[in-house]
Amino acid sequence: MQFDNVWKLFAAQAESAAAVRGLSLDITDRELLVILGPSGCGKTTALRMVAGLEEPDRGDIRIGGKSVVGLEPKDRDVALVFQSYALYPHLSAQENIRYPLKVRGLSRAEQDRKVARVADMLGIGRLLPRRPGQLSGGEQQRVALARAIVREPRVFLMDEPLSNLDAKLRVHTRTELKTLQRELGTTMVFVTHDQAEAMSLANRIAVLNAGELQQIGTPDEVYDHPANVFVAEFIGSPPMNLLKATRDGGDLVVAGGWRLPAPKRGSAIDSAGTELTVGLRPEGVQIVAGGQPAEVVAVEPFGSEVIIDVRVNGEAIKVRAAPDVRPEPGRKVGLRVDPAAVRVFDNSSGDALN
Ligand code: ATP
């Protein structure tokens with residue numbers, strides 16, 4: 001399916017503040033595409049336009065090569081799952097799941113067969129007789145998922161469907177959802193503001209900010225080669241260290257005199273002037289004997305890793321290290337940077353230069 005230069009302006013929104021601004025995305029069949037961005041960036045609006053709950057002011061949305069703009073929601077062959085489960089409270093789980101099949105006029109036997117199959121797939125067989133009020137949030141969300149899956153739509157649209165679940169169930173359900181999507185082979189567009197959820201689920205991530213697409217790529221691509229400083233800061237926990245830098249010949253100088261090994265020089269870096277921004281992932285910086293002097297400020301253990309806060313000439317940098325690396329706060333350490341891990345951004349546009 002495609003978004004082709006899609007714009008959405010709500011009443012009183014200036015063009016420059018449109019909810020969705022010229023969005024173009026080419027989503028491959030069977031792909032799990034995650035739209036990721038902060039609150040208010042237009043993710044939900046983009047999804048609602050696919051579902052037919054909003055119409056674009058400009059541009060086209062195509063499913064299976066055909067424009068769906070102007071079609072009734074029910075004629076779009078998509079299934080939307082929200083954060084809130086929107087189940088019918090007076091119907092049992094079974095009747096909730098059955099509902100779309102009933103509307104479609106399938107025989108009772110066919111309805112039963114499909115409901116049983118999807119209930120089995122999601123492991124909710126024993127919940128079928130219960131009403132939503134007798135189910136936990138996680139169970140209700142499974143019933144809502146089952147109701148979407150049973151329709152066998154062309155596209156699943158998921159709007160933060162896991163955000164009401166507790167942390168453990170959320171991680172469990174997202175693994176299941178990913179497996180299920182692959183098994184069903186149905187294209188899925190999944191909206192979230194949670195970068196970890198996006199990284200773990202997506203075939204590709206489309207990062208949105210203020211209604212505009214910032215980057216689309218695999219989780220590895222957006223993590224390793226963020227297109228701009230927004231993506232660099234939004235993806236990764238802790239985020240990429242961003243340091244003001246000066247280009248001095250072939251060197252990049254940061255934090256009051258730390259000379260970094262320059263990444264392979266490209267003409268974009270050479271012609272960008274002398275004031276730049278350098279990006280270093282926390283794991284791209286190592287604590288070594290020798291190296292750039294730094295002072296340890298704090299050590300945050302996370303079990304499988306430690307995040308070490310250091311300062312270089314007063315500039316704060318986060319370093320990711322193995323769990324047994326535990327320098328005392330106040331101690332002096334040395335830092336080293338892998339040249340391949342140095343990202344460089346233009347200071348005025350924020351765009352990546354390498
Ligand atoms: P969140 O993660 O908080 O749900 P979002 O990225 O999904 O945010 P949208 O709900 O798509 O963001 O909203 C995008 C922008 O459009 C916001 O500035 C929002 O206030 C505005 N907006 C959304 N719906 C309407 C509406 N019906 N009328 C007016 N403005 C709206």
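1. Leaving aside neighbours within four places in sequence, Val69 is in contact (heavy atoms within 4.5 Å) with Glu55, Pro56, Gly59, Asp60, Ile61 and Arg76. Val69 sits in the loop between strand S5 (66-67) and S6, where strands (E, at least two residues) and helices (H or I, at least four) are DSSP runs numbered from the N terminus. Val69 is partly exposed, with a relative accessible area of 34%, given that buried means under 20%, exposed over 50% and partly exposed in between (1.4 Å probe, protein chains only).

2. This is a predicted model, in which local features need pLDDT of at least 70 and side-chain atom pairs count only at pLDDT 80 or more, while totals for chains, interfaces and linings use all residues. Residues are numbered from 1 along each chain as its sequence is written, and side-chain values use heavy atoms, with hydrogens and water left out.

3. Val69 and Ala51 are 18 residues apart in sequence, and their C-alpha atoms are 9.7 Å apart in space.

4. Thr186 is found in the loop between helix H5 (167-184) and strand S8 (187-192), and Thr186 is buried, with a relative accessible area of 11%. Apart from neighbours within four places in sequence, the residues in contact with Thr186 are Arg30, Glu31, Pro153, Arg154, Val155, Phe156 and Gln181.
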